[in-house]
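Hi everyone, thanks for making time for this. I'd like to walk you through one structure, so let me put it up on the screen.

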Amino acid sequence: MSVRRPLSRHERTIIVSGILCIVLTLIVMQLWLLTATMNAWLAGDETIIWPAAAASSTCFLLIAGLLAYLFRLD
Amino acid sequence: MALDIDPELHTIPPDRGEMADQPKWRRDFPIDSAQDAFVARRDFTKFLGLTSLAFVVGQFWIALQNVWRKRRGSLPLIAIAHLNDIPSNSFRPFYYPTPEDPAILVRFGTDEFLAFCTECTHLQCPVLPDVDKGQFHCPCHAGVFDMRSGRPLAGPPRRPLARISLKTQNSFIYATGIERGES
């Protein structure tokens with residue numbers, strides 16, 4: 001039977017840094033989505049609103065999943 | 001006496017000595033840099049979760065504003081001028097659809113009328129008409145719009161001016177709605 005060794009602080013710092021990079025990428029995508037949607041909506045284009053909201057929600061769910069793993073790491 | 005504790009669980013001085021023997025600045029903040037980096041990155045990542053939620057709220061705020069705008073229904077029909085009120089190649093300011101929304105009616109030649117909202121699409125400064133050049137000019141940031149199409153010609157604006165649809169009936173010009181153009 002194998003026993004899982006607890007992660008060292010150095011290993012946890014590497015994991016947190018990796019999660020931080022992914023979260024930052026997703027946040028930048030969300031920021032772009034918000035500005036592009038606002039620009040399109042003010043110009044009268046309504047077709048992009050709901051797909052953009054769905055895409056931004058997907059990004060948030062991914063981030064929430066990563067944060068849940070981060071909380072379990074503590 | 002040297003400390004014999006797990007460095008993963010406790011912050012220990014570099015010389016592994018007693019904390020009471022350490023300089024005051026280390027006793028005031030007895031956190032080593034590795035622990036500091038771990039906690040700082042972890043907490044920053046958690047904070048970004050709230051930022052992400054704020055962006056989602058922003059997206060749905062736009063969607064709800066759009067639904068609300070549609071539910072308001074069509075804009076009112078408002079008489080804005082008599083045909084004889086505006087000479088050829090001149091303009092007349094008015095407000096549409098509410099008294100807080102400035103707009104302008106322009107007459108080209110004898111029977112061509114165009115109307116636009118006068119809020120600049122950059123930062124909502126009021127644009128000024130120049131009928132001789134056929135342009136609207138925004139004095140705030142030197143934005144220029146074409147007077148016939150409302151499209152931006154120069155400066156920071158990227159979206160055209162919102163155009164007001166018109167109808168002529170019994171020698172009166174009526175504003176009937178707002179057409180927002182493509183960027």
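**Across the chains and inside them**

Let's start with B:Lys70, which is exposed, with a relative accessible area of 55%. On the wording: buried is under 20% relative accessible area, exposed is over 50%, and partly exposed is in between, with a 1.4 Å probe and protein chains only. Before I go on, please keep in mind that this is a predicted model, where local features need pLDDT of at least 70 and side-chain atom pairs count only at pLDDT 80 or more, while totals for chains, interfaces and linings use all residues. Residues are numbered from 1 along each chain as its sequence is written, chains are lettered from A and ligands numbered from 1 in the order in which they are written, and side-chain values use heavy atoms, with hydrogens and water left out.

Back to B:Lys70: its side chain meets that of A:Glu46 in a salt bridge, 3.4 Å from N to O. A salt bridge here is a side-chain nitrogen of Lys or Arg within 4 Å of a carboxyl oxygen of Asp or Glu. A:Glu46 sits in the loop between helix 1 and helix 2 of chain A and B:Lys70 in helix 2 of chain B, so this pair joins two chains. A:Glu46 is partly exposed, at 29% relative accessibility. How many salt bridges are there over all chains? The search of the whole structure finds six. Another one links B:Arg92 and B:Asp85, at 3.7 Å from N to O. Salt bridges with shared partners also join A:Glu46, B:Arg69 and B:Lys70 into one network.

Now, helix 2 of chain B. Helices are DSSP runs of H or I with at least four residues, strands are E runs of at least two, and both are numbered from the N terminus. The expected span of a helix is 1.5 Å times one less than its number of residues. For the 39 residues of this helix, residues 33-71 of chain B, that gives 57 Å, and the end C-alpha atoms are 57 Å apart, which agrees. Just after helix 2 of chain B, B:Gly73 takes a positive phi of about 80°.

B:Thr45 also lies in helix 2 of chain B. Is B:Thr45 buried or exposed? At 0% relative accessibility, B:Thr45 counts as buried. Taking contact as heavy atoms within 4.5 Å, and not counting residues up to four places away in sequence, B:Thr45 touches A:Val16, A:Ile19, A:Leu20, A:Val23, A:Leu67 and A:Leu70.

That brings us to the core. A nonpolar core is a set of buried Ala, Val, Leu, Ile, Met, Phe, Trp, Tyr and Cys residues joined through side-chain atoms within 4.5 Å. The largest one has 19 residues, and A:Val23, A:Ile27, A:Ile63 and A:Leu70 touch the most other members. Two or more residues come from each of helix 1 (9-42) and helix 2 of chain A, and from helix 2 of chain B. Helix 1 of chain A gives the most, with eight residues.

Last stop, a ring and a charge. A charge sits over a ring if NZ of Lys or CZ of Arg is within 6 Å of the ring centre and within 35 degrees of the ring normal. A:Arg12 lies over the face of B:Phe38, at 4.9 Å from the ring centre. Within chain B, B:Arg148 lies over the face of B:Phe108, at 4.1 Å from the ring centre.
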